[in-house]
Amino acid sequence: MSLHHETRLREQIATLGRSLFDRGLTMGSSGNISVRLEDGGWLMTPTNACLGRLDPAEISRLGGQGEWLDGHKPTKEHFLHMAMYAERPQSQAIVHLHSTHSVAVSCLPDIDPCDCIPPLTAYYVMRVGRLPLVPYHVPGDPTLGDAVRGLACKHSAVLLANHGPVVAGKSLEAAVYATEELEETAKLFLLLHGRNPRALTPEQVAELEARFPRD
């Protein structure tokens, strides 16, 4: 991989992180982003870093086995990213946020743990698909990675109970767009909760999945 390409990816992480932060999709030092490199390693946001104030030069660089090589120490939730990448070799980037509406859905007692949000819109189906719920774990608990790994092979996005979404994509932009779509659909779901909304039919969902495959 050329130094120019890696520099561009670092700048893209900082730019999109700032965009997510400025629009209230993440707050404080919550949330993390990673991108797969062509040499088998990763770029990952540092631990306790604010996505709105990332320094591209300080973004962590990990080797092919997930070992920390340089930059600031990677997020303590790096194992979430590694678990997703291990099961999704086609995914090139992952975004994990504590976005308000998605977290709110993850706290509801009556959601379907196999599919937390119904297919309310075509774009939700196209960018997110079925969203399973991962049972609650203490943040930083490595066993959470095992729980995510068991679902990642079939799902490009998962929702951590009382925590937030983890979303993979074929590029960083795709992962960010899918995360944004998930947050907006979670907001719709909460607005419609208890009102028996009309979701897309299984046939409509199948048509969308056939025409617009995700990564």
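Of the 20 residues in the largest nonpolar core, those touching the most other members are Ile-13, Leu-20, Ile-33, Val-95 and Leu-172. A nonpolar core is a set of buried Ala, Val, Leu, Ile, Met, Phe, Trp, Tyr and Cys residues joined through side-chain atoms within 4.5 Å; buried means under 20% relative accessible area with a 1.4 Å probe, protein chains only. Helix α1 supplies the largest share of this core, five residues.

This is a predicted model, in which local features need pLDDT of at least 70 and side-chain atom pairs count only at pLDDT 80 or more, while totals for chains, interfaces and linings use all residues. Residues are numbered from 1 along each chain as its sequence is written, and side-chain values use heavy atoms, leaving out hydrogens and water.

| Element | Residues |
|---|---|
| α1 | 3-22 |
| α6 | 172-192 |
| β1 | 32-36 |
| β5 | 93-96 |

The axes of α1 and α6 come within 11 Å and cross at roughly 10°. Axes are lines fitted to C-alpha atoms, for helices over the stretch in contact, and angles run from 0 to 180 degrees between N-to-C directions. The two helices are therefore roughly parallel, a term for angles under 35 degrees.

Eight strands form an open sheet with mixed pairing, in the order β4-β3-β2-β1-β5-β8-β7-β6. Two strands pair if DSSP finds at least two bridges between them. Strands β1 and β2 run antiparallel and are joined by three bridges.

Technical notes: Helix = DSSP H or I, 4+ residues; strand = E, 2+ residues; numbered from the N terminus. Parallel < 35°, antiparallel > 145°, perpendicular 65-115°, else oblique. Buried < 20%, exposed > 50% of the residue type's maximum accessible area, 1.4 Å probe, protein only.
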